[in-house]
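Subject: Handover of a structure and notes on its contents

Dear colleague,

Please find below the structure that I am handing over to you. My notes on what was found in it follow directly after it.

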Amino acid sequence: MKTVCLFSDGSCLDNPGVGGWAYILEFNGHIKECSGGEENTTNNQMELRAVIEGLKALKESCNVKLYTDSSYVANSINKWLNGWIAKNFKNVKNVPLWKEYLEIAKLHKVEANWIKAHNGHPQNERCDDLARVAAIKIKDGL
């Protein structure tokens, strides 16, 4: 299996409010960027949407090294998700998104890594910019 790096970030202009998401996929010198957004969402939903969309963009099963500045996403994937499944997602927020994540993630081996936000990490800074611009475009009706 190929090993791919997935960098992701989400942004919300108000929380809840207009939000944006972005990802960067890197493999063997190739880079793919994508972003989008929603009118009524939360920061955590956009963080998770960025990961889902990045995984959806992969054309085959991969080892995915996910880099996110969201401790919510990283901890959920690495620590909490199996327990949530066992308890049928009782008292868990964003269940539809987590179920969507599980469906697409089962094709891959995902390793989530938390990185500090706004700390000069080039891909994280780029994702942050792309997500914020996507949210602003929706807010401005563009």
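V51 is buried, with a relative accessible area of 0%; buried means under 20% relative accessible area, exposed over 50%, and partly exposed in between, with a 1.4 Å probe and protein chains only as cover. This residue, V51, is part of helix α1; helices (H or I, at least four residues) and strands (E, at least two) are DSSP runs, numbered from the N terminus. Apart from its neighbours within four places in sequence, V51 is in contact with L6, S8, L66, V73 and Y101, where contact means heavy atoms within 4.5 Å. V51 and Y67 are 16 residues apart in sequence, and their C-alpha atoms are 9.3 Å apart in space.

Before going further, please note that this is a predicted model, in which local features need pLDDT of at least 70 and side-chain atom pairs count only at pLDDT 80 or more, while totals for chains, interfaces and linings use all residues. Residues are numbered from 1 along each chain as its sequence is written, and side-chain values use heavy atoms, with hydrogens and water left out.

The chain as a whole

The chain contains four helices and five strands. Their order along the sequence is β-β-β-α-β-α-α-β-α. The radius of gyration of the chain is 14 Å, close to the 14 Å that the globule rule gives for 142 residues, so the chain is as compact as a globular protein of that length. That radius is taken over C-alpha atoms, and the globule rule is 2.2 Å times the number of residues to the power 0.38. Along the principal axes, the C-alpha atoms fill a box of roughly 40 × 40 × 25 Å.

Of the 142 residues in the chain, 46% are buried. Among the contacts with a separation of 6 or more, 64% are between residues 24 or more positions apart. The chain exposes about 7,800 Å², of which carbon and sulfur atoms supply 49%; such areas come from the Shrake-Rupley method with a 1.4 Å probe, and for residues only the protein chains shown count as cover.

The strands

Strand β1 covers residues 2-12, and eight of its eleven residues are buried. Which strands does β1 pair with? It runs parallel to strand β4 (residues 62-68), to which seven bridges join it, and it pairs with strand β2 (residues 17-27) in the antiparallel sense over eight bridges. Two strands count as paired if DSSP finds at least two bridges between them.

The turns and loops

Most residues other than glycine have a negative phi, and most peptide bonds are trans. Several places in this model depart from that pattern, as follows.

- A hairpin of four residues joins β1 to β2. P16 lies in this loop, and the peptide bond between N15 and P16 is cis, with omega about 5°.
- The hairpin of β2 and β3 has two residues between the strands, and N28 in it takes a positive phi near 50°.
- N94, in the loop between α2 and α3, is not a glycine but has a positive phi of about 65°. At 16% relative accessibility, N94 counts as buried.
- H118, in the loop between β5 and α4 (122-139), is not a glycine either and has a positive phi of about 50°. H118 is exposed, with a relative accessible area of 55%.

The helices

Helix α3 (residues 95-105) has V95, L97, W98, Y101, I104 and A105 as its buried residues. These residues pack against α1 (43-56), α2 (71-86) and β5 (109-114). Y101 is also one of the contacts of V51.

Leaving aside neighbours within four places in sequence, the contacts of S76 are S71, L81, W84 and W98. The C-alpha atoms of S76 and E47 are separated by 12 Å, and the two residues are 29 apart along the chain.

Yours sincerely
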